[in-house]
Amino acid sequence: MHDAYIILCHRNPWQVNELAAYLAAGGHDVFIHVDKASDIADRIQTSERIRLVPDRVTVTWADWSVVEGTLAAVRHVVSSGKQYRYVHLLSGQCLPAKPRQVLDAALDEAYAARRQIIEYKRLPRRDSWGRDGGIHRVGTWFPRWIVSKYSPWHRWFWPYTNKWIRLKLRRPLYFVFRPFYSGAQWWSLTGECMAAVAEYAARHPLFRYFFHHTFCSDELFFQTCLSRTPYGASATDDNQRYLKWPVNNSQSPMDLPEEQWREIWGSGALFARKFNMQPGETERYLQELEENL
């Protein structure tokens, strides 16, 4: 069986093209969502196996629009009518951490066990998601204009949020839709699971609307949808993505330099992020990755 790769991107079209070509050469289908605010769409190279998602969304960091763009791509995958082994969500700055043959063998093994490769933790969490375990993300009603770190109003995010936490306020729909599950944005779900998640999302418009006013809904929505399907029990709670954080509680992982390539390849992860490469550098990475086989 073949896989479907969803790539969300907004920059570095050469990097996206080299990644997509590498994946398609393995017999997989690639669905690319280009941020509507980006001007790179006409520089993305398409083919029979590589296609652009037509329903483009203007994507804003931490906003519902991240999920909206992903759902547009998911609908495109499901409507293709093909049966996929896995559907993977990658960014345009992700790359495989294993050679193609090794990656496919690892995914064959995971699929035989029907494992859902996704970070999957119920709220409240006991790690670094804030003193209330991340409940503020779903319990607080967030105006969308305060969420993004690029908004001039974002400086009021924590004073606003802390008021809700101190007063122990909860949105009414919080009690309707709990429990909530959380995890990293990037995942690999079996084709059957992805179809079930997409069906659940499509059948519950009020549930979707609830996440319009949560913080970083891309780290909540798909996990919570998954929990409403029979496939939640097979979630691994490990999305097998390699990344490095510059400091604790950073908003974005660091760019991975060439000096870390061999560490990435020996990490056991399936994919790594994030890379910010010059033209031709991605091709060199992939060539050396294959030689590492």
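A97 lies in the loop between strand 5 (94-96) and helix 3; helices (H or I, at least four residues) and strands (E, at least two) are DSSP runs, numbered from the N terminus. The model is a predicted one, in which local features need pLDDT of at least 70 and side-chain atom pairs count only at pLDDT 80 or more, while totals for chains, interfaces and linings use all residues. Residues are numbered from 1 along each chain as its sequence is written, and side-chain values use heavy atoms, with hydrogens and water left out.

**Two buried residues**

- A97 counts as buried because its relative accessibility is 0%; buried means under 20% relative accessible area, exposed over 50%, and partly exposed in between (1.4 Å probe, protein chains only).
- Leaving aside neighbours within four places in sequence, A97 is in contact (heavy atoms within 4.5 Å) with I264, W265, A269, L270, F271, A272, Y285 and L289.
- A97 and Y242 are 145 residues apart along the chain, and 7.8 Å separates their C-alpha atoms.
- T161 is part of helix 6 (residues 157-167), and with a relative accessible area of 0% T161 is buried.

- Strand 4 (residues 86-91) has six of its six residues buried, so it is largely enclosed by the rest of the structure.
- Both faces of strand 4 are covered, with Y86, H88 and L90 buried on one side and V87, L89 and S91 buried on the other.
- Strand 1 (residues 4-9) runs parallel to strand 4, and five bridges join them; two strands pair if DSSP finds at least two bridges between them.
- Strand 8 (residues 188-190) runs antiparallel to strand 4 and is joined to it by three bridges.
- H88 in strand 4 is the bridge partner of Y5, and H88 also stands opposite S188 in strand 8.

**The cavity**

- Rolling a probe the size of a water molecule over the atoms shows where empty space is left.
- On a 1 Å grid over the protein atoms alone, a cavity is a set of points where a 1.4 Å probe fits but cannot get out, and a pocket is an open set with protein on both sides within 12 Å along at least five of seven lines; lining residues have an atom within 4 Å of a point.
- Grid points are joined across faces, edges and corners, and a volume is the space filled by probe spheres set on the points.
- One cavity of 30 Å³ or more is found in a search of the whole structure, and the largest cavity holds about 60 Å³ of space.
- Y5, Y22, L23, H28, R100, L103 and D104 line the largest cavity.
- Helix 1 (13-25) and helix 3 (100-112) are the elements that give two or more residues to this lining, and helix 3 gives the most, with three.
- The lining of the largest cavity has four nonpolar residues, one polar and two charged; Ala, Val, Leu, Ile, Met, Phe, Trp, Tyr, Cys and Pro count as nonpolar, Asp, Glu, Lys and Arg as charged, and the others, Gly among them, as polar.

**The second largest pocket**

- The second largest pocket has a volume of about 150 Å³.
- Among the residues that line the second largest pocket are V77, K82, V87, E192 and M194.
- Helix 2 (64-79) and helix 8 (191-203) each give two or more residues to the lining of this pocket, and the largest share, four residues, comes from helix 8.
- The lining of the second largest pocket divides into six nonpolar, three polar and two charged residues.
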